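Welcome, and let us take a friendly walk through a few local features of this model. Please have the sequence and the 3D view at hand as you read.

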Amino acid sequence: IAIALFCLPSSVSAAGKAARAVAFSQDAGDYAGQDTCLTCHESQTYKGTMHGLASNPRTPAAGRGCESCHGPGKAHAEAGGDTSKIVRLAQLKPQEASEYCTSCHDRGTHALFAGSQHDPRNVGFLSCHSVHHPKGETQLKAASQREQCGTCHKNIVNKQNRFNHMPV
């Protein structure tokens, strides 16, 4: 069940690996279970997204659910929702949050994210993608890739929007 949780790619920094090792316990008794999470966080579901496909062994739905990304939640739940007892990815630095994402998203176009042109500019996975409230494909925060990239790359979008034609 913990296939993607503890198999960190070599591209994740030593600090990121240490943070994940501390945040994620191998002890099953530290986990509350997704049903417990959803009693308070029902609007934070990932149902209907790629993360919600239990048939794919690399997804949170096939693993520990919410706790695949946020770490063991038993202490958080028992403490009445104490936010210091759970991983809050949105509160981390972009590079730190991205290390959690790249622990699973380590193939294809994401394989070289660490050290990419976005990484040193404090642009991380969560800068463009939303697991819980996506508006576009690939869980983008915007309706399209063009719209999402245009939030930072306005000059490129403006060039693409110019009306050009050859004189007759």
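Let us begin with Thr138, which sits in the loop between α7 and α8 (145–150); helices here (H or I, at least four residues) and strands (E, at least two) are DSSP runs, numbered from the N terminus. This is a predicted model, in which local features need pLDDT of at least 70, side-chain atom pairs count only at pLDDT 80 or more, and totals for chains, interfaces and linings use all residues. Residues are numbered from 1 along each chain as its sequence is written, and side-chain values use heavy atoms, with hydrogens and water left out.

**Backbone**

Thr138 is not a glycine, yet its phi is positive, at about 50°. Most residues other than glycine have a negative phi. With a relative accessibility of 61%, Thr138 counts as exposed; the word means over 50% relative accessible area, buried means under 20%, and partly exposed lies in between (1.4 Å probe, protein chains only).

Asn122, also not a glycine, has a positive phi of about 60°. You will find Asn122 in the loop between α6 and α7, where its relative accessibility of 47% makes it partly exposed.

**A charged pair**

Which side chains meet in a salt bridge? They are those of Asp106 and Arg58, at 3.3 Å from N to O. The structure holds 1 salt bridge, a term for a side-chain nitrogen of Lys or Arg within 4 Å of a carboxyl oxygen of Asp or Glu. Asp106 belongs to the loop between α6 (94–102) and α7 (125–128), and Arg58 to the loop between α3 (34–40) and α4 (67–70), so the pair ties together parts that are 48 residues apart in sequence. Asp106 is partly exposed at 25% relative accessibility, and Arg58 is partly exposed at 30%.

**Cysteines**

How many disulfides does a search of the whole structure find? The search finds 0 disulfides, where a disulfide is a pair of cysteine sulfur atoms within 2.5 Å.

| Cysteine | Nearest cysteine sulfur | Distance |
|---|---|---|
| Cys66 | that of Cys37 | 4.2 Å |
| Cys128 | that of Cys149 | 6.5 Å |
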